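Dear colleague,

Please find the structure below. My notes on it follow.

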Amino acid sequence: MEPFPQIPMLSYDVVVIGGGPAGMAAAVRAKELGLNVLLLDENDYLGGILPQCIHPGFGLHYYKEELTGPEFASRLARKLVELGVEYKTAARVLEIKNYSDLEKVVIFTSPSGVYQVWAKAIIYAAGARERHAFEIGITGDRVAGIYTAGEAQMLMDIYGVLPGKEIVIVGSGDVGLIMARRFALEGAKVKAVIELMPYPGGLARNVMILRDFDIPLYLSHKVVEVRGKGRVERVKVVKVDENLNEIPGSEFWIEADTLIISAGLVPSVKKLKKIGVEIDPATGGPVVNDRLETSVPGIFVAGNSLLINDLVDYVAEQGELAAEGAKEFIEKGGIESKKWIKVEKGENVRLLAPHYLSGEGDVYLYLRVSKPMEDVELRVPEIGKKMRLPVVKPAEMLRIKLKAEEIKNTEKLTVEVVKA
Amino acid sequence: MTTYRFTCIVCPLGCSIEVEVENGKVKDVKGCRCPRGKEWAVQEVTNPKRVVMSVLPVEGGALPTVSVKTAEPVPKEKIPELMKFLANLKLKAPVKAGETVAEWEGIKIVATRGA
Ligand SMILES: Cc1cc2nc3c(=O)[nH]c(=O)nc-3n(C[C@H](O)[C@H](O)[C@H](O)COP(=O)(O)OP(=O)(O)OC[C@H]3O[C@@H](n4cnc5c(N)ncnc54)[C@H](O)[C@@H]3O)c2cc1C
């Protein structure tokens with residue numbers, strides 16, 4: 001079967017889409033497992049978002065030392081090259097087609113033209129996209145000077161351009177806080193960080209940045225309007241109550257020439273949705289089994305496309321797991337399980353993956369809580385598993401290992417985070 | 001007497017620490033569950049240090065900048081001075097990741113990306 005006779009054809013066991021840490025780790029592992037693999041990335045360089053994350057804080061688990069984003073990326077890239085993994089940069093995937101279990105097509109454009117790649121399995125590691133100003137309900141003038149944090153980060157840390165001088169940042173997650181530090185270091189004035197929730201969204205080590213640079217943090221506040229002629233001139237901020245409703249009369253204006261939106265990431269899964277992959281509304285990524293296979297057989301997913309990770313270490317781990325899944329899928333013509341164990345969210349668990357376990361191997365569950373709590377136990381009551389934790393925060397992803405022999409005789413598992 | 005309050009970052013426990021300082025001397029440290037936290041808290045109020053990162057322009061590389069970091073943490077109050085020093089540097093490709101590209105008051109500035 002060749003539905004696109006006019007397009008040059010390539011053929012591989014596995015195509016990996018995305019050359020960030022998830023995709024690179026997947027391609028390396030696939031190659032080590034003896035698969036014939038091609039990695040594609042639309043950027044001119046490998047590494048995904050890591051080359052622009054120039055701060056330290058990467059790799060403590062995976063490499064057992066603290067690296068910056070570019071350092072983490074170049075270690076993986078070096079391994080990739082040493083192993084002789086085939087990859088193409090400036091190669092943008094336009095479409096995925098799923099003809100049958102072992103017949104999949106990836107269509108991509110590149111400087112040398114358009115290609116179709118036939119593969120038996122696909123590992124999708126295209127990362128995430130950032131939420132934009134309009135998605136969080138900001139109204140006002142259409143002006144220059146509004147960036148997402150990632151856009152500003154790329155301008156500053158790849159192209160060496162300072163996006164503005166007087167900055168307001170929306171969102172106190174790690175990305176927003178890290179950007180606050182970069183602006184302040186490079187001589188811009190960060191006038192405020194505005195956070196909707198009553199607590200900061202980032203890790204404690206990043207919240208400290210605000211104190212380092214005397215940056216005011218407004219908790220339980222939101223930016224609702226931007227005004228300016230041609231460029232941002234001022235932004236309107238309003239206080240919210242415990243139900244996140246605006247408090248009338250509490251609004252005030254902050255003068256600024258730049259507004260940075262750091263309001264969270266959303267797994268980038270459009271191309272998967274198009275081929276009917278089932279999406280979990282809680283993670284925003286696909287519903288997966290313990291090999292990170294989606295509801296479409298032979299399509300695997302890893303990294304921020306699966307769920308938003310705060311640690312690159314878990315992203316790389318997921319890439320490796322997806323590669324192992326792809327190997328099994330290709331060899332056996334499918335992922336075997338006599339029965340799938342469904343994993344359900346219990347008390348104070350906002351999101352969770354994987355969703356189904358085969359019970360045939362050890363597995364890591366990744367989860368996030370809905371609200372911060374102290375002195376808690378993470379429990380899986382069906383198997384009597386308990387893990388004591390002094391603090392849990394929505395900002396910090398939890399990871400728990402379940403052993404094959406612990407779970408093989410259950411039909412369902414519930415994960416809950418409750419007072420110890 | 002001044003009381004400094006912060007969240008410990010030595011480990012994920014994130015203890016809420018209070019440090020009391022009188023005439024520049026640490027009087028009391030409360031709230032931390034381990035000696036490492038206490039040591040960090042004392043350093044945080046007496047001589048806080050940070051690893052500093054930035055980018056330097058590079059001529060003839062694949063990207064217009066190279067990212068750099070200090071090879072060791074720098075006293076916090078010296079950071080603005082260090083940033084001014086970095087602002088005047090320009091590099092020429094090739095630069096290798098891990099290469100020392102400059103030195104400032106005995107502290108090595110190391111490239112974290114190649115060009
Ligand atoms: C500002 C910031 C700070 C962070 N700080 C830390 C930290 O201190 N420590 C830590 O451990 N983690 C940190 N993280 C998290 C970590 O970096 C990410 O979780 C991780 O990089 C995600 O990797 P990924 O491979 O899933 O996605 P990405 O790195 O986003 O890679 C996805 C790749 O897919 C490519 N792609 C997308 N669509 C297509 C297509 N159609 N065709 C071809 N290619 C495509 C993209 O070009 C991109 O290169 C931080 C993240 C951010 C944003």
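In which helix of chain A is Tyr314(A) found? Tyr314(A) belongs to helix α7, residues 312-332; helices are DSSP runs of H or I with at least four residues, strands are runs of E with at least two, and both are numbered from the N terminus.

This is a predicted model, in which local features need pLDDT of at least 70, side-chain atom pairs count only at pLDDT 80 or more, and totals for chains, interfaces and linings use all residues. Residues are numbered from 1 along each chain as its sequence is written, chains are lettered from A and ligands numbered from 1 in the order in which they are written, and side-chain values use heavy atoms, with hydrogens and water left out.

Tyr314(A) counts as buried because its relative accessibility is 8% (buried means under 20% relative accessible area, exposed over 50%, partly exposed in between, with a 1.4 Å probe and protein chains only). Leaving aside residues up to four places away in sequence, Tyr314(A) touches His61(A), Asn309(A), Tyr366(A), Met397(A) and Arg399(A), where contact means heavy atoms within 4.5 Å.

Turning to the ligand, 33 residues surround it, and Asp41(A), Gly57(A), Val93(A), Asn304(A) and Val312(A) are the closest; a residue is near if one of its heavy atoms lies within 4 Å. Helix α7 of chain A is among the elements that each supply at least two residues of this shell.

In chain B, Ser67(B) is found in strand β6 (residues 65-70). Ser67(B) counts as buried because its relative accessibility is 0%, and its contacts include Ile54(A) and Pro70(A).

Yours sincerely
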